[in-house]
Amino acid sequence: MSEIKRNGHGAMDMTQGSPTRLIVLFSLPLLAGNVLQQLYNMVDSVVVGNYVGSSALTAVGAGFSIMFLISSLFLGFSMGATIMIAQYVGAGDQGAVGRTVDTIYSALLVIIVPLTLLGVLASGPLLTLIRVPQEAYEQARTYCMVVLGGIIGTLGYNMNSGIMRGLGDSRTPLIFLFIACVINIVLDLVFVLVFSWGVFGVALATILAQICSWVFGIFYRRRGVEEHLRAADLAEGREQCLRRLLGQVIRLGIPSAIQECQFAVGILIMQALINGFGNDFAAGFTAANKIDTFAFMPIESFSIAATTYVGQNMGAGRLDR
C-alpha cells in the first residue's frame with residue numbers, strides 16, 4: 001500500500017494514492033474534531049444545567065441557535081475559500097494560495113465589525129421572535145450579547161481551519177480545537193463555581209477559549225506555513241487581484257452559505273415551537289439536541305474530506321480521479 005505523501009508542514013497530497021484511503025484518513029481528524037466541538041458546546045450546557053439551573057440551560061440553547069444563525073453566512077463562504085485553496089494547492093500555485101489567504105483575512109477584518117453589531121443589536125428581537133420563556137429571557141440575552149460580541153474568535157478559528165483543510169491538513173485544526181476545549185472547560189468551572197458568574201461566565205469562557213484557539217492558529221500559520229504560501233510577485237494590482245479572488249470565493253461559497261442559512265433558520269423555527277411549551281420543555285430539548293447532533297458527524301466529516309480531495313485533484317487536472 002502506497003505511503004500518504006505529505007509536505008514539510010504535514011499537509012496531505014490528495015492527488016496521488018488510493019482515493020478511498022486518502023478521504024478516510026483525512027476525515028478521521030475531522031470526525032474527532034467534530035466530536036470535540038460538540039463536547040465543547042456540551043460543556044456549557046452541563047455546567048449551567050448542574051450548577052445554575054434549567055432557566056440557564058434554556059438560555060444557552062436559545063443563545064447558541066442565534067449565534068449559529070449570525071455566523072452561518074460567513075461559515076458558508078469559508079467553504080468557498082477552502083475549495084479555492086485546495087484547487088490552487090493541487091495546481092501547485094503557491095502564489096495564488098497566499099493571495100487567497102490574504103483575501104480571506106481582509107474580508108474578515110472588513111465584515112467583523114458590522115457582523116458583531118448586527119448580532120448584538122438583533123439578539124434581543126430574535127429571542128423575542130423565538131418565544132424564549134420569560135424566566136430565561138434575560139440570561140439568554142446576556143449569553144447572546146457576550147458570545148456575539150466576541151464572535152471574531154469563532155469566525156477566526158473556523159477561517160483558520162478552512163485554510164488548513166484546503167492545504168490538505170486536517171490534523172492541526174484538531175490540535176487547536178483540543179486546546180480550546182480544555183481552556184473552555186477550565187474557565188467554565190472557574191467562572192461558574194468560583195466567581196458565580198452564571199450564564200455570563202459560561203459565555204465569557206466560550207469566547208476566550210475560541211479567541212485563544214484562533215490566536216494559536218495565527219502564530220502557527222505565520223511560523224509554520226506562511227513562508228510556504230508566499231511566492232510570485234503580483235502581475236496585476238494587489239487591490240484588483242484581491243477583489244477578483246474575493247469574487248471567486250463568494251461565487252463558490254454562495255451555495256454553501258444558503259444551505260447553512262436555511263439550516264439555521266430551520267433551527268430557529270423549531271426552537272420557537274419548543275419554547276412555546278415552557279422552560280422545562282425547552283431545557284430538555286437543549287440537552288437532548290446536543291446528543292442528537294453526534295449522529296450527523298460521520299457524514300459531515302466525510303463530505304468535507306471529499307471536498308478537499310475533489311478540489312486538489314481538479315486543480316491538478318486529475319479529473320480521472
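**Exercise 1.** In which loop is the place of S196?

Solution. This is a predicted model. Look at the helices on either side of S196. The residue lies in the loop that joins α6 (172–194) to α7 (198–229). Now check its backbone. S196 is not a glycine, yet its phi is positive, about 55 degrees. Most residues other than glycine have a negative phi. Last, check the surface. The relative accessible area of S196 is 59%. Exposed means over 50%, so S196 counts as exposed.

**Exercise 2.** Find the loop that holds R131, then classify the residue as buried, partly exposed or exposed.

Solution. Start with the location. R131 sits between α3 (94–129) and α4 (134–149), in a loop. Next, take phi. The value for R131 is near 60 degrees, positive in a residue other than glycine. Then take the area. R131 has a relative accessible area of 46%. Buried is under 20% and exposed is over 50%, so R131 is partly exposed.

**Exercise 3.** How many salt bridges does the structure hold, and which residue pairs with D320?

Solution. Count: the structure holds 1 salt bridge. Identify the pair: D320 bridges to R318. Check the distance: the closest N and O atoms are 3.2 Å apart, and the cut-off is 4 Å. Side chains of opposite charge can pair when their charged atoms come close. Compare the surfaces: D320 is exposed at 61% relative accessible area, whereas R318 is partly exposed at 32%.

**Exercise 4.** State the mean pLDDT of the protein chain, and name a stretch below 50.

Solution. The mean is 83, and 90% of the residues reach 70 or more. Over residues 228–236 the pLDDT is below 50. That stretch still has 21 contacts in the model beyond near neighbours in sequence.

How values were computed. Residues are numbered from 1 along each chain as its sequence is written. This is a predicted model: local features need pLDDT of at least 70, side-chain atom pairs count only at pLDDT 80 or more; totals for chains, interfaces and linings use all residues. Side-chain values use heavy atoms; hydrogens and water are left out. pLDDT is the predictor's confidence in each residue, from 0 to 100. Contact means heavy atoms within 4.5 Å. A salt bridge is a side-chain nitrogen of Lys or Arg within 4 Å of a carboxyl oxygen of Asp or Glu. Buried means under 20% relative accessible area, exposed over 50%, partly exposed in between (1.4 Å probe, protein chains only). Helices (H or I, at least four residues) and strands (E, at least two) are DSSP runs, numbered from the N terminus.
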